[in-house]
Amino acid sequence: MPYQGPQRVLSGIQPSGDMHLGNYLGAIRKFVDLQHQMDCHFCVVDLHAITVWQDPKKLKEQTLHIAASYIAAGVDPKKAAIFHQSGVPAHAELAWIFNCVARLGWLDRMTQFKDKAGKDKERASVGLYTYPVLQAADILVYKATHVPVGEDQKQHLELCRDIAAKFNHDFDTPDFFPLTEPLIKGPGARIMSLRDGAAKMSKSDPSDQATIYLKDSADDIAKKIKRAKTDPEPLPSETKGLENRPEAANLVGIYGALAGMSDDEVLKEFGGKGFGVFKPALADLVAGKLGPIGAELRRLEADPGYLEKTLREGAARAAAVADRTVAEVKEIVGFIR
Ligand code: AQP
């Protein structure tokens, strides 16, 4: 019999830099809607962040920044548990057990490791390699049935399902872990860099002109969009005309995702117009949507005591669920308790 438990949501963001428009559209905006529909757990994944070097002082600040971003965007800490991953040791405990379930061949296929490790993979941390196993533990320690993420996480979510299925099969507990559904679809699932339509917008992009941050002022946003790479052609009237124009397609996609319009609707309005017209309209829209979030984010960051307390309370709530799962897993695996 397949998993019959309650519907639960888990997702997380790494405190590896400042939160950006891609994180907002691909992940946090979905969190805000889901908190009204299911039992939600939103984590700041600090254990994942240290798979690459993090300055310890900055890591604390960035952890509070991600927590503040969740709240500023509309996640209510009274409804959803907002917590830091290292505050719930059950994640790491389950990850070890999953390290013994996942197969090397599965991890060898993970493209994010190849992208992040680069050419010199011998020097990458072991943690970077087993990152998706910890991610599976983050999800399954809550028996989460749904995970809202951007498109870049699709392969990791498939691995999570493989781990759940193998655990259920190996230990003859067919309904223990759910086969978690990724919630990826929807506008904004893949926002690209403003400087390169082939690279995703990312916290760790070396050029801060490539990324629109939640904290950017209206002026910064206008400047970045004005400088965004485009081509000399006007916008087409239909989406087919965006083929082979990745930078134009990205800007149209951002407009649509924020305005609640399809790409076709955006092109109906702007088709035939040049970027001299479209870019200022886009900058106004982005600044209008992110402005209030950025202001609330700055207000919350000025109160680190409140943010730390919120994370600790969230961690205690989350641990109540996670510890129960780990206790059950230990029983299933045959550990003395
Ligand atoms: N460009 C993006 N478009 C849509 N969604 C995105 N996400 C990230 N970038 C985009 C989604 O945001 C969530 C959190 O991601 P993460 O911080 O855990 O890791 P990441 O995907 O590696 O994000 P970054 O910003 O690129 O960070 P760095 O530079 O540190 O690696 C996920 O749901 C992700 O899909």
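This is a predicted model: local features need pLDDT of at least 70, side-chain atom pairs count only at pLDDT 80 or more; totals for chains, interfaces and linings use all residues.
Q: How many aromatic pairs does the structure hold?
A: There are 14 aromatic pairs in the structure.

Q: What makes Phe98 and Phe167 an aromatic pair, and why is it called edge-to-face?
A: The ring centres of Phe98 and Phe167 are 6.4 Å apart, and the cut-off for a pair is within 6.5 Å. Their planes stand at 70 degrees; an angle over 60 counts as edge-to-face, so the Phe98 and Phe167 pair is edge-to-face.

Q: Why is the pair of Phe98 and Phe167 said to tie together parts that are apart in sequence?
A: Phe98 belongs to helix H4 (residues 90-99) and Phe167 to helix H8 (residues 154-170), so the parts joined are 69 residues apart in sequence.

Q: How do you know whether Phe98 is buried or exposed?
A: Its relative accessibility is 0%. Buried means under 20%, so Phe98 is buried.

Q: Why is the pair of Phe98 and Phe177 called edge-to-face?
A: The planes of Phe98 and Phe177 are at 75 degrees, with ring centres 5.6 Å apart.

Q: Which residues form one aromatic cluster with Phe98?
A: The cluster consists of Phe98, Phe167, Phe171, Phe176 and Phe177.

Notes
Residues are numbered from 1 along each chain as its sequence is written. Side-chain values use heavy atoms; hydrogens and water are left out. Rings of Phe, Tyr and Trp (its six-membered ring) pair if their centres lie within 6.5 Å; planes under 30 degrees apart count as stacked, over 60 as edge-to-face and the rest as tilted. Helices (H or I, at least four residues) and strands (E, at least two) are DSSP runs, numbered from the N terminus. Buried means under 20% relative accessible area, exposed over 50%, partly exposed in between (1.4 Å probe, protein chains only).
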